[in-house]
Amino acid sequence: MATDAPQRPDGTGPGPARTTAEKYVEVQEGAEFGELRRAHRSFAFPLTIGFIAWYLLYVLLSSYAGGFMGTTLLGHINVALVLGLAQFLTTFLIAWLYSRHAATKLDPKGAAIKSRMEADA
């Protein structure tokens, strides 16, 4: 017996098949993807703003507080050198923190969304 609803091209049931773009839009508008995006933004934005402020402070101190930055701390090591090396340390610390955050918070949520999309395919 024929049905009134057209079959999907893959023959899995009634109704037209959704395109890949439609699937992505549906997932993007979903609550789970919004939660994933919030988890990323709540970590990345504050650290980015904090690091830029820290870098700007270093540049401003280097430009306008030469006496302070030239203060000798130990031998030939001055405040400018210590703060400059702290920039590198901060960069590596942020990268490590983000890697840990992504592994514990973002990757499981992303994997769940991906597996659900692949199951629907």
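**View 1. Phe-43 is buried, its relative accessible area being 17%, where buried means under 20% relative accessible area, exposed means over 50% and partly exposed lies in between, with a 1.4 Å probe and protein chains only.** The model shown is predicted, with local features requiring pLDDT of at least 70 and side-chain atom pairs counted only at pLDDT 80 or more, whereas totals for chains, interfaces and linings use all residues. Residues are numbered from 1 along each chain as its sequence is written, and side-chain values use heavy atoms, with hydrogens and water left out. The aromatic count comes to one pair, under a rule by which rings of Phe, Tyr and Trp (its six-membered ring) pair if their centres lie within 6.5 Å, planes under 30 degrees apart being stacked, over 60 edge-to-face and the rest tilted. The pair is formed by Phe-43 and Tyr-98, whose ring centres are 5.8 Å apart and whose planes meet at 45 degrees, so the pair is tilted. Distant parts of the chain are linked by this pair, since Phe-43 belongs to helix H2 (residues 31–64) and Tyr-98 to helix H4, 55 residues apart; helices here are DSSP runs of H or I with at least four residues, strands are runs of E with at least two, and both are numbered from the N terminus. Tyr-98, at 33% relative accessibility, counts as partly exposed.

**View 2. Helix H1 (residues 20–28) and helix H4 (residues 79–120) have axes that come within 12 Å and cross at roughly 145 degrees.** The axes are lines fitted to C-alpha atoms, for helices over the stretch in contact, and the angles run from 0 to 180 degrees between N-to-C directions. The crossing of H1 and H4 is right-handed, a crossing being left-handed if the near helix is turned anticlockwise from the far one by less than a right angle, and right-handed if clockwise. On the H1 side Lys-23, Tyr-24 and Val-27 meet Ile-113, Met-117 and Asp-120 of H4, contact meaning heavy atoms within 4.5 Å. The residues of this contact divide into four nonpolar, no polar and two charged, where Ala, Val, Leu, Ile, Met, Phe, Trp, Tyr, Cys and Pro count as nonpolar, Asp, Glu, Lys and Arg as charged, and the others, Gly among them, as polar.

**View 3. Ile-113, found in helix H4, counts as buried at 8% relative accessibility.** Apart from its neighbours within four places in sequence, Ile-113 is in contact with Val-27, Glu-32, Phe-33 and Leu-36. With one of these residues, Glu-32, Ile-113 has a C-alpha separation of 7.7 Å, although the two are 81 residues apart along the chain.

**View 4. Gln-87 is placed in helix H4 and is buried, with a relative accessible area of 8%.** Once its neighbours within four places in sequence are left aside, the contacts of Gln-87 are Phe-51, Trp-54, Tyr-55 and Tyr-58.

**View 5. Lys-105 and Asp-107 both lie in helix H4.** Lys-105 counts as partly exposed at 45% relative accessibility, and Asp-107 likewise counts as partly exposed at 45%. From C-alpha to C-alpha, Lys-105 and Leu-36 are 8.3 Å apart in space and 69 residues apart in sequence, while for Asp-107 and Leu-36 the values are 9.1 Å and 71 residues.

View 6. Of its 121 residues, 17% count as buried. Among the contacts in the chain with a separation of 6 or more, residues 24 or more positions apart account for 49%. The chain exposes about 9100 Å², of which carbon and sulfur atoms supply 66%; accessible areas come from the Shrake-Rupley method with a 1.4 Å probe, and for residues only the protein chains shown count as cover.
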